[in-house]
Amino acid sequence: MAYGWVPEGVDITVPDASRVYDYALGGVHNFAVDREFWHRAEAAFPEAGLVARTNRAFLGRAVRWLADSGVRQFLDIGSGIPTLGNVHEVAQEANPAARVMYVDIDPIAVQQSRSLLSGNPYARVIEGDLRDPEAILYHPDVLQLLDFAEPVAVLTVAVLHFVPDSADPAGIMKRLGDAMVSGSYLVVSHLGPEVTAEGRERQERARKLYERTPTPVVIRDAEELTALIGSDFEIVPPGVVGAADWHPDPDEADDPPQPTALVAVARKR
C-alpha cells in the first residue's frame, strides 16, 4: 500500500519508536508493523500504555509550569509525531508569542509537524539527531527562531533512553547545557526500573523487544538520570520523581503511580 504522507526513503517495514509512541497515544500516523510491535510490548509489559500517557501528561504540565514561570522559548528535541497537547499549543495558550522549535530524527514526524505548523510564525520543525547537538543548536532555522542569549527550555522527553552509554549521553547533555544561559531550563523524562521483581521481569521482556528495532532502550535509575543532567543544572522541586508525581494535576489524581516514567525539570545555574 502506498501512503502519500510518507517521505521517500522511509522504511515502513520495521517499527519506528516515534510511530510506535504515536500509536500508543492514539495517533494515526503509524503502520501495521508499529501497531503489531506495540501490542507485543503491551503484552509483555501491560503498564506500557499508562506509562506513555503519564509521560505525555507530564510534558503538558511541565510546559505550562515553564510558561507560567516566564519562559517563552522552547526547543523540543525528539518531539515525535504531532498528537494532542503539543508543546506549541500549551506554550502559546499561556503566551501567544512563545516560540517553539521541534526537532525529530524521523522524517515522517518532521513532515507531519510541518503540516501542522503551517501558518504559525512562532513554531517550526527541523530534522535532527540528539546525538549531534551542535547540528541542532546551530541550524539556521533554530537560530532564526530562538535567541540563545535569553533563557530557553530544552525538552528531551522520552528520548534519552534511546541513547546508549556508548554515545556519551552525559556529554550530549553537557554540550546542550553549554549553549544555554543562566535561567534556562532542561526538561527530561526517561524510562526507569520497575520497583518490584515481577515488574522488572515484565519490563525486561519489553526491553528485549526493542533490541530488535533500530532504537534499543536503556533503562536508567534516578541516580543515573541525575548524573546525565549534570552539575550545571539545579533540579527544581520535587526532584527526580515518577511522572505522575511531578506537580500532579488533581484531575489525574486517581492514576496509579508510575515509577517507570522518571522525570525532572532543572534550571541552569
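In strand 4, Ala153 is the bridge partner of Phe74.

Author: This is a predicted model, in which local features need pLDDT of at least 70 and side-chain atom pairs count only at pLDDT 80 or more, while totals for chains, interfaces and linings use all residues. Residues are numbered from 1 along each chain as its sequence is written, and side-chain values use heavy atoms, with hydrogens and water left out.

Reader: How do you know that strand 1 and strand 4 pair, and in which sense?

Author: Two strands pair if DSSP finds at least two bridges between them; strand 1 (residues 73-77) and strand 4 have three bridges, in the parallel sense, and therefore they meet the definition. Strands here are DSSP runs of E with at least two residues, and helices are runs of H or I with at least four, numbered from the N terminus. Strand 4 also pairs with strand 5 (residues 185-191) in the parallel sense, over five bridges, and there the partner of Ala153 is Tyr185.

Reader: What makes the crossover from strand 4 to strand 5 right-handed?

Author: The term applies if, with the strands pointing away from the viewer, the path from the first strand over the helix to the second runs clockwise; the chain goes from strand 4 through helix 8 (residues 169-178) to strand 5, and this β-α-β crossover is right-handed.

Reader: Why is strand 4 called mostly covered?

Author: Buried means under 20% relative accessible area, against over 50% for exposed and partly exposed in between, with a 1.4 Å probe and protein chains only; five of the five residues of strand 4 (residues 153-157) are buried. Ala153, Leu155 and Val157 point one way, whereas Val154 and Thr156 point the other way. In a regular strand the side chains alternate between the two faces of the sheet.

Reader: How do you know that Asp106 has no salt bridge?

Author: A salt bridge is a side-chain nitrogen of Lys or Arg within 4 Å of a carboxyl oxygen of Asp or Glu. Lys and Arg count as positive and Asp and Glu as negative, while His and the chain ends are not counted. For the buried Asp106, the nearest side chain of opposite charge is Arg19, 4.5 Å away, and so the pair falls outside the 4 Å limit. Asp106 lies in the loop between strand 2 (99-104) and helix 5 (107-117). Contact means heavy atoms within 4.5 Å; leaving aside neighbours within four places in sequence, Asp106 is in contact with Asp16, Ser18, Arg19 and Ile81.
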